[in-house]
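Okay, everyone, let's get the model up on the screen.

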Amino acid sequence: MTFLPSLGYGGQLLGALLILVCAVLLWLAVRALISRSVKRVENGDTVFSKPHLTWVQPALRPFDSARRVQRARTIGGLLTSVSAGTIAIVAALMMLETLGFSIGPILASVGIVGIAIGFGAREVIRDAFLGFFITLEDQYGIGDTIEVGDTVGVVESLGLRITRLVDAHGAIWYVRNGDITKVGNRSQGTYVEPARVNPAVPTTEDHA
């Protein structure tokens with residue numbers, strides 16, 4: 001089924017071109033909307049910062065500048081990528097259908113390829129999803145001191161795939177978000193450094 005069947009092949013080309021133009025315009029509009037929203041969040045100018053909406057989830061509350069900017073850019077980047085991919089796929093399928101191609105076999109082939117890619121890139125996809133939820137739920141952010149396994153460090157950056165930490169000795173650790181099953185945030189709550197036993201002070205066991 002084509003959009004302009006009465007005009008023949010020229011009409012099909014015109015219809016496909018029209019779809020392409022509409023897809024580009026839609027993409028520009030969506031990107032501008034996302035960019036504007038990200039800038040508003042970076043500046044702390046959001047409806048969720050109003051006093052009567054402070055009950056919303058921590059992901060929507062205002063935070064310090066560096067942390068807010070990082071989270072806004074991370075979520076904005078993900079939304080931009082998802083919207084671009086969705087618009088491109090839908091537009092491509094509509095153009096092929098307009099040009100007279102049967103998209104049934106194409107959809108079947110894309111499904112098989114998608115499954116293969118999904119199996120091959122499942123770790124990357126898992127890292128990206130977990131990184132998104134870590135950012136959305138504000139489990140930790142830039143400047144927080146966190147514990148991941150036996151590593152303790154300050155968060156330098158938080159991406160969709162990798163969290164970068166700097167420990168007390170200056171070593172930089174790159175931790176895949178998919179490998180984080182449990183994390184402790186010393187910058188949240190009321191963390192107290194455990195008391196250390198001074199080996200220079202003798203104990204009752206040493207006198208025994």
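So, aromatic pairs: the count comes to one. The rule takes rings of Phe, Tyr and Trp (its six-membered ring) with centres within 6.5 Å, and calls planes under 30 degrees apart stacked, over 60 edge-to-face and the rest tilted. Here the ring centres of phenylalanine 132 and phenylalanine 133 are 5.5 Å apart with the planes at 70 degrees, so we call that edge-to-face.

Quick housekeeping. This is a predicted model, where local features need pLDDT of at least 70 and side-chain atom pairs count only at pLDDT 80 or more, while totals for chains, interfaces and linings use all residues. Residues are numbered from 1 along each chain as its sequence is written, and side-chain values use heavy atoms, with hydrogens and water left out.

Phenylalanine 132 counts as buried because its relative accessibility is 18%. Phenylalanine 133, at 37%, is partly exposed.

Phenylalanine 132 also leads us to leucine 78. Setting aside neighbours within four places in sequence, leucine 78 is in contact with Phe132 and Leu160, contact being heavy atoms within 4.5 Å. Leucine 78 lies in helix α2, residues 65–98. Leucine 78 has 22% relative accessibility, so it counts as partly exposed.

Zooming out. The protein chain has five helices and five strands, and along the sequence they go α-α-α-α-β-β-β-β-β-α. Of the 208 residues, 25% are buried. If you take contacts between residues at least 6 apart in sequence, 56% join residues at least 24 apart.

As a reminder, strands of a sheet pair through backbone hydrogen bonds, either parallel or antiparallel. Two strands count as paired here if DSSP finds at least two bridges between them.

Let's walk across it from the β5 side. β1 and β5 pair over three bridges, and valine 148 stands opposite valine 183 in β5. Next, four bridges join β1 to β2. Those two make a hairpin with two residues between them, and glycine 149 in the turn has a positive phi of about 65 degrees. Threonine 145 is opposite valine 154 in β2, and valine 154 in turn stands opposite valine 166 in β3.

β2 and β3 (residues 162–166) are joined by four bridges and form a hairpin with three residues between them. Then β3 and β4 (residues 172–176) share five bridges. On β4, isoleucine 172 is the bridge partner of valine 166, and arginine 176 is the partner of isoleucine 162. That hairpin has five residues between the strands, and glycine 170 there takes a positive phi near 90 degrees.

What packs against what? β1 has a covered face, Ile146 and Val148, and an uncovered one, Thr145 and Glu147. Ile146 and Val148 belong to the largest nonpolar core, which has nine residues, including Tyr140, Leu165 and Ile180. A core here is a set of buried Ala, Val, Leu, Ile, Met, Phe, Trp, Tyr and Cys residues joined through side-chain atoms within 4.5 Å. Isoleucine 134 is another member of the core; beyond four places in sequence, it touches Gln139, Tyr140, Leu158 and Asn177.

Aspartate 138 has a positive phi of about 55 degrees although it isn't a glycine. You'll find aspartate 138 in the loop between α4 (122–136) and β1, and it counts as buried because its relative accessible area is 8%.

How values were computed: Buried < 20%, exposed > 50% of the residue type's maximum accessible area, 1.4 Å probe, protein only.
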